[in-house]
Amino acid sequence: MTKKIPTRIYLNEEEMPKNWYNLRADMQEKPDPLLHPGTLQPVTAADLAPVFCKGVIEQELDDTTCLIPIPEGVLDFYHAYRPSPLVRAYYLEKVLDTPAEIYYKFEGTNTSGSHKLNSAGAQAFYAKEDGLTSLTTETGAGQWGTAMAMACGFFDLGLTVYMVKISSEQKPYRKALMEAYGANVIPSPSNTTESGKKLQEKNPGTGGSLGCAITEAIETAVKTDKCRYVLGSVLNHVLLHQSIIGQEAKTALDKYGVKPDIIIGCAGGGSNLGGLIAPFMGEKLAGKSNARIIAVEPASCPSFTRGRYAYDFGDTGMTTPLIRMQTLGSGFIPSANHAGGLRYHGMNSTLSKLYRDGFLEARSEVQTDVFDAAVRFMKVEGILPAPESSHAIKAAIDEALKCKQTGEKKVILFGLSGTGFFDMTAYTAYNDKTMSDQVPTDADLEKGFASIPDIPQNK
């Protein structure tokens, strides 16, 4: 007799992963290395030392160690809110009348409301180990900034957050929560940095971008004693920390003998997507699975589906190492889409490489369709999803409806990376029918592409 799968599958603390999984170690063809923008040579630990903590530098440059032990101090932090539940979406299946089985890994059970806490805790831990007293960072929709504020509060570190200006206006309560944890929150671009002033002169009235905020945060970090910069996505050490998501999901599914046919994640810089798919992609690379893995991004910022694969800067001010990635150009300023966490011009190098090599699919969705899916989901599943996560919901519903048409019983897993309780401005616009779909023209994209550096590797 088949064992009934419960609506919510919880692991116990003993079942929680004790190692992070480094997907790059199992890739035969590795992502291209970060390059020093001055020498165009692969960056060294010494190059990164003025900006990042020692622990994450070691992880960023390691593409051979498969399993990296999670320090006891980080595990202690994780135990406050992990493991997170894996949910069988019985109610969504019923309303869609689909033969598909739908599961989602829900990362919104902590106060930050998202998966971002998995890397925030790790990076704050390493900062404390290095004897630092403060950190700087950027945030788009506010999930990362909130998570970092929580982690810095836990490890007794100061924090300055440069929040994308349009997001700070759309989500004032995110700012309030970060400040409650003790963070200093500054809308970006600002007048507190030289780079911020220059960006405003060049783009008067701009709502900002994650690339702008990164530039300001790095500038502040390198000018401040006992301070370093932390990043919530894009770089490989962040995907490493987020691999706990996929490992927990796989362990929970394995308990019931369930193997996903389709795995779906929203995609901005890559942290949620990379974390969710990591162990499943590892099996695919080893030839043990033929699961489809799908990245879903906003049509307003389509780095996967319309971007170029090139070495580019990670920030608008062109201060970071060069990253080989799917990019719209560091000078690309996306429209004021409500999914602020997905308004980034590029994509993680590992995910970009997997996409280029055919292991990963990608699609883009317009904003109103995404919110249609979000509302459809929350009416039956009882969770208000973040706009970012709702991109994955849209694709999961579409795939489930295809199963209805074909009669195939596929197993679909998607990442519900956060809640939308700080996104009520977006839901108000949706309810009032004032929400618009802004998709860049080819001419708009060309302006961003013009900012991609002219170096031999991009030829």
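## A hidden ring

Phe304 is buried, with a relative accessible area of 1% (buried means under 20% relative accessible area, exposed over 50% and partly exposed in between, using a 1.4 Å probe and protein chains only). Tyr355, on the other hand, is partly exposed, at 23% relative accessible area.

## What we're looking at

This is a predicted model, so local features need pLDDT of at least 70 and side-chain atom pairs count only at pLDDT 80 or more, while totals for chains, interfaces and linings use all residues. Residues are numbered from 1 along each chain as its sequence is written, and side-chain values use heavy atoms, with hydrogens and water left out.

## Aromatic pairs

Rings of Phe, Tyr and Trp (its six-membered ring) pair if their centres lie within 6.5 Å; planes under 30 degrees apart count as stacked, over 60 as edge-to-face and the rest as tilted. That rule gives 14 aromatic pairs here. In one of them, Phe304 and Tyr355 sit with ring centres 5.0 Å apart and planes at 55°, so this pair is tilted. Phe304 belongs to helix 13 (residues 303-306) and Tyr355 to helix 14 (residues 349-356), so the pair ties together parts 51 residues apart in sequence. Helices (H or I, at least four residues) and strands (E, at least two) are DSSP runs, numbered from the N terminus.

Now for Phe377 and Phe414: their pair is edge-to-face, with 6.1 Å centre to centre and 75° between the planes. Phe377 is in helix 15 (residues 367-381) and Phe414 in strand 15 (residues 411-416), which links distant parts of the chain, 37 residues apart. Phe377 is buried at 0% relative accessible area, and Phe414 counts as buried at 0% too.

## A cluster of rings

Which residues form one aromatic cluster? They are Phe77, Tyr78, Tyr81, Phe125, Tyr126, Phe154 and Phe155.
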